[in-house]
Amino acid sequence: MSLRLVLVGPPGAGKGTQAKIICKKAEIPQISTGDMLRAAKSEGRLPEDLVAKMVAGALVPDEVVIGLIDERTKADDCENGFLLDGFPRTVPQATALDAMLEKRGQKIDLVVAIEVPREHLVERAVLRRTDKRTGQIYHLKYSPPPAGTREEDLEHRADDHEDVVKKRLDTYEKMTAELLPFYSARGNLKRVDGVGKVDEVTKRMLEATSLK
Ligand code: ADP
Ligand code: AMP
């Protein structure tokens with residue numbers, strides 16, 4: 001059985017955290033355009049104007065991420081499906097995704113929206129740290145790294161500072177939130193409450209994706 005899944009939600013909602021758990025269980029790759037762009041940036045392959053957009057909390061142009069996803073989802077490891085984390089983020093991206101899958105006789109099976117009110121999101125993002133060696137996502141208050149983790153192994157994202165997080169939340173509301181009515185109208189949207197302990201949210205996610 002294949003599963004082509006999209007996670008939608010504002011920055012800090014817990015998409016990456018839940019994606020890792022679901023992908024392990026469903027044996028599908030996690031595809032995060034944010035991770036792909038950050039990798040390109042750290043390898044010096046991302047044009048300066050795109051770096052500037054990310055640092056300012058704006059979106060990079062649709063055609064850039066559509067190209068990344070078109071290429072990545074053709075890889076062999078996507079044969080049994082994939083989970084898209086952070087893509088699509090605009091209606092034109094969603095439409096392009098449908099068109100590229102349709103050409104291959106495929107479609108998105110399910111879109112899960114993780115819902116978290118804005119008042120939680122700034123704290124979630126500002127205290128997020130990622131282990132550079134493993135990619136594991138931590139939170140200094142809610143999911144702290146294990147004792148003995150060295151500070152230099154933890155990445156604090158350049159866009160996880162309060163002023164930029166607020167801009168990213170505004171960008172989400174302006175550009176991305178309209179994906180919810182878009183997918184809802186097609187009947188393949190499920191909404192999951194993202195407030196509560198990570199384990200509790202995971203339970204809801206597994207139920208929504210029928211992976212329980
Ligand atoms: P996203 O990928 O949607 O931006 P992340 O999965 O990276 O979000 O989570 C953002 C931050 O919030 C991380 O520091 C993560 O550890 C933390 N986090 C994730 N889920 C929860 C939760 N249910 N409760 C509290 N903090 C959480
Ligand atoms: P994320 O890791 O998902 O929070 O994304 C980090 C940043 O990468 C965003 O603030 C955008 O600048 C850029 N980005 C990631 N995914 C997309 C996308 N689908 N469309 C446009 N920009 C994106």
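Reader: How are helices H6 and H7 oriented relative to each other?

Author: Two packed helices are described by the angle between their axes and the distance between the axes. In this predicted model, helix H6 (residues 118-126) and helix H7 (residues 162-176) pack at an angle of about 135 degrees with their axes 10 Å apart, and H6 and H7 are therefore oblique to each other. Angles under 35 degrees count as roughly parallel, over 145 as roughly antiparallel, 65 to 115 as roughly perpendicular and the rest as oblique. Axes here are lines fitted to C-alpha atoms, for helices over the stretch in contact, and angles run from 0 to 180 degrees between N-to-C directions. Helices (H or I, at least four residues) and strands (E, at least two) are DSSP runs, numbered from the N terminus.

Reader: What is the handedness of the crossing of H6 and H7, and which residues meet there?

Author: A crossing is left-handed if the near helix is turned anticlockwise from the far one by less than a right angle, and right-handed if clockwise; the crossing of H6 and H7 is right-handed. Contact means heavy atoms within 4.5 Å, and on the H6 side Arg-118, Leu-121, Val-122, Ala-125 and Val-126 meet Glu-162, Val-165, Lys-166, Leu-169, Asp-170 and Glu-173 of H7. By class, the residues of this contact are six nonpolar, no polar and five charged, where Ala, Val, Leu, Ile, Met, Phe, Trp, Tyr, Cys and Pro count as nonpolar, Asp, Glu, Lys and Arg as charged, and the others, Gly among them, as polar.

Reader: How do the axes of H4 and H5 cross?

Author: The axes of helix H4 (residues 62-72) and helix H5 (residues 91-103) come within 10 Å and cross at roughly 30 degrees, so H4 and H5 are roughly parallel to each other. The crossing in which H4 passes H5 is right-handed. Asp-62, Val-65, Ile-66, Ile-69 and Asp-70 of H4 meet Pro-92, Gln-93, Ala-96, Leu-97 and Met-100 of H5, and this contact has seven nonpolar, one polar and two charged residues.

Reader: Which residues come nearest to ligand 1, and which polar atoms lie by the ligand's own atoms?

Author: A residue is near a molecule if one of its heavy atoms lies within 4 Å of it, and of the 18 residues around ligand 1, Lys-15, Thr-17, Arg-128, Tyr-138 and Gly-196 come nearest. A polar backbone atom of Tyr-138 is 2.8 Å from an oxygen atom of ligand 1, while a polar backbone atom of Gly-196 is 2.7 Å from a nitrogen atom of ligand 1. A polar side-chain atom of Arg-124 lies 3.4 Å from a nitrogen atom of ligand 1.

Reader: Which residues come nearest to ligand 2?

Author: Of the 16 residues around ligand 2, Thr-33, Arg-38, Ala-58, Gly-86 and Gln-93 come nearest. An N or O atom in the side chain of Thr-33 is 2.8 Å from a nitrogen atom of ligand 2, and an N or O atom in the side chain of Arg-157 is 3.0 Å from an oxygen atom of ligand 2.

Reader: Where is Pro-88 placed, and is its peptide bond from Phe-87 cis or trans?

Author: Pro-88 is in the loop between strand S3 (81-85) and H5, and the bond from Phe-87 to Pro-88 is cis, with omega near 0 degrees.

Definitions and conventions
Residues are numbered from 1 along each chain as its sequence is written. Chains are lettered from A and ligands numbered from 1 in the order in which they are written. This is a predicted model: local features need pLDDT of at least 70, side-chain atom pairs count only at pLDDT 80 or more; totals for chains, interfaces and linings use all residues. Side-chain values use heavy atoms; hydrogens and water are left out. A polar contact is a pair of N or O atoms within 3.5 Å; within protein, one must be able to donate a hydrogen and the other to accept it, and residues adjacent in sequence count only if both atoms are side-chain atoms.
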